[in-house]
Structure formats: C-alpha cells, structure tokens
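Subject: Structure handover and findings

Hello,

Here is the structure I promised to pass on. Please open it alongside this note. My findings follow below.

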Amino acid sequence: MEVVLNRLDQDFHFEAKGSSPIPVHIDASEGIGGHNAGARPMELLLMGLGGCTAIDVILILKKQRQVVEDFQIRVSGDREKIEGTEKTPFRQINIQFELKGEIDGSKALKAIQMSMDKYCSATAQLEPSATITHSLLLNGEKFNA
C-alpha cells in the first residue's frame, strides 16, 4: 500500500491520494500557520479507525440481513504527552456506534466485537499503544447485552 502527498501551498496544505482517485486534504491549524484547508493528521488516524470498523460492521450486519437505515460513528481520543518529546499519541480511544433500523441489538454488538477482535486492521495497529473502547446506541437508546 502506498499513498502520495503533494504540497499545495507554501505552508502545510497537502493533497493525499491512495489507490482511490479521490483526494484527501490535510492541513495544520491556523495557530501554527496552517489555513484550515484539510483534516489534521491525528484526526485522520481516528477517521481511519472509524472507517475501518464501520465497513466491517456494515458487512457483517448485511450478511445477517439486518436493515440498517442510518449509521453514524463518533470516535474520540485522549492524547498524552511523552516526556522529553513533543509527541502526544492517543492513549484512550472510544468509538460510539449509532445505528438505526430493524436491527437486533445482540447481533449489532456481536458485529462490533467481531470487528474489534478479528477484522479491523486499524484497531490492531492502534491497540498496542491505546485502550480502545466502544458503545452502541440503537435507535437512539443505549444498548447493553
């Protein structure tokens, strides 16, 4: 796998492309001289995690013939500074799955757990350095097994 980033201005705005021809814009905050013209790199990590597990969950629920009318994921991360550096990696990440439709909650939770444990490569990449938790809102209600 390879991605290519091309610088678009004299500051921090980049256009990135992978195997898809659709570009992703990346930029820094205005506070350090960016122009707010794209996502921040650390936001893209959370977006990648959310996208990876979302695809898994939808695929699993489709196979189970669950009717997903709406699907949203909220991914939040807490960062911690590594002493002696400027690095601030994620240490806690929470993924809230918000599904609407004719969905068996137990099947949705199982699909989420299968993604986390078996399928999502982004989870595997981030787990060694961050605790990843998840929750489910089903048709607007918190669902627990």
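A nonpolar core here is a set of buried Ala, Val, Leu, Ile, Met, Phe, Trp, Tyr and Cys residues joined through side-chain atoms within 4.5 Å. Buried means under 20% relative accessible area, exposed means over 50%, and partly exposed is in between (1.4 Å probe, protein chains only). This is a predicted model: local features need pLDDT of at least 70, side-chain atom pairs count only at pLDDT 80 or more, and totals for chains, interfaces and linings use all residues. Residues are numbered from 1 along each chain as its sequence is written, and side-chain values use heavy atoms, with hydrogens and water left out.

The core

The largest nonpolar core holds 23 residues. Those with the most contacts inside it are Leu49, Ile93, Ile95, Phe97, Leu99 and Leu136. At least two core residues come from each of H1, strand E5 (90-102), helix H2 (105-119), helix H3 (121-126) and strand E6 (131-138). Helices (H or I, at least four residues) and strands (E, at least two) are DSSP runs, numbered from the N terminus. In soluble globular proteins, nonpolar side chains tend to be buried together.

Leaving aside residues up to four places away in sequence, Leu49 touches Val75, Ile93, Ile95, Cys120, Ala122, Thr123 and Leu126. Contact means heavy atoms within 4.5 Å.

Helix H1

The expected span of a helix is 1.5 Å times one less than its number of residues. For the 23 residues of H1 that gives 33 Å, and the end C-alpha atoms are 33 Å apart, so the two agree. Buried residues in H1 include Leu46, Leu49, Gly50, Thr53 and Ala54. Asp56, Val57, Ile60 and Leu61 are also buried in H1. Their cover includes E4, E5, H2 and H3. Just after H1, Arg65 takes a positive phi of about 60°.

Gln66 sits in the loop between helix H1 (41-63) and strand E4 (67-79). Gln66 has a relative accessible area of 14%, so it counts as buried. Its side chain reaches the backbone nitrogen of Asp104 at 2.7 Å. That is a polar contact: a pair of N or O atoms within 3.5 Å, where within protein one must be able to donate a hydrogen and the other to accept it, and residues adjacent in sequence count only if both atoms are side-chain atoms.

Asp9 is in the loop between strand E1 (4-7) and strand E2 (14-17). Asp9 is buried yet has no salt bridge. A salt bridge is a side-chain nitrogen of Lys or Arg within 4 Å of a carboxyl oxygen of Asp or Glu. The nearest side chain of opposite charge, Arg7, is 4.8 Å away. Lys and Arg count as positive and Asp and Glu as negative, while His and the chain ends are not counted. A polar atom of the Asp9 side chain lies 2.7 Å from the backbone nitrogen of Asp11 and 3.3 Å from that of Phe12.

Salt bridges

How many salt bridges does the whole structure have? The search finds three. Glu98 and Arg74 pair at 2.7 Å, N to O. Glu98 lies in strand E5 and Arg74 in strand E4, so the pair ties together parts 24 residues apart in sequence. Glu98 is buried at 15%, whereas Arg74 is partly exposed at 46%. Glu80 bridges to Arg91 at 4.0 Å. Glu86 meets Lys81 at 3.9 Å.

Best wishes
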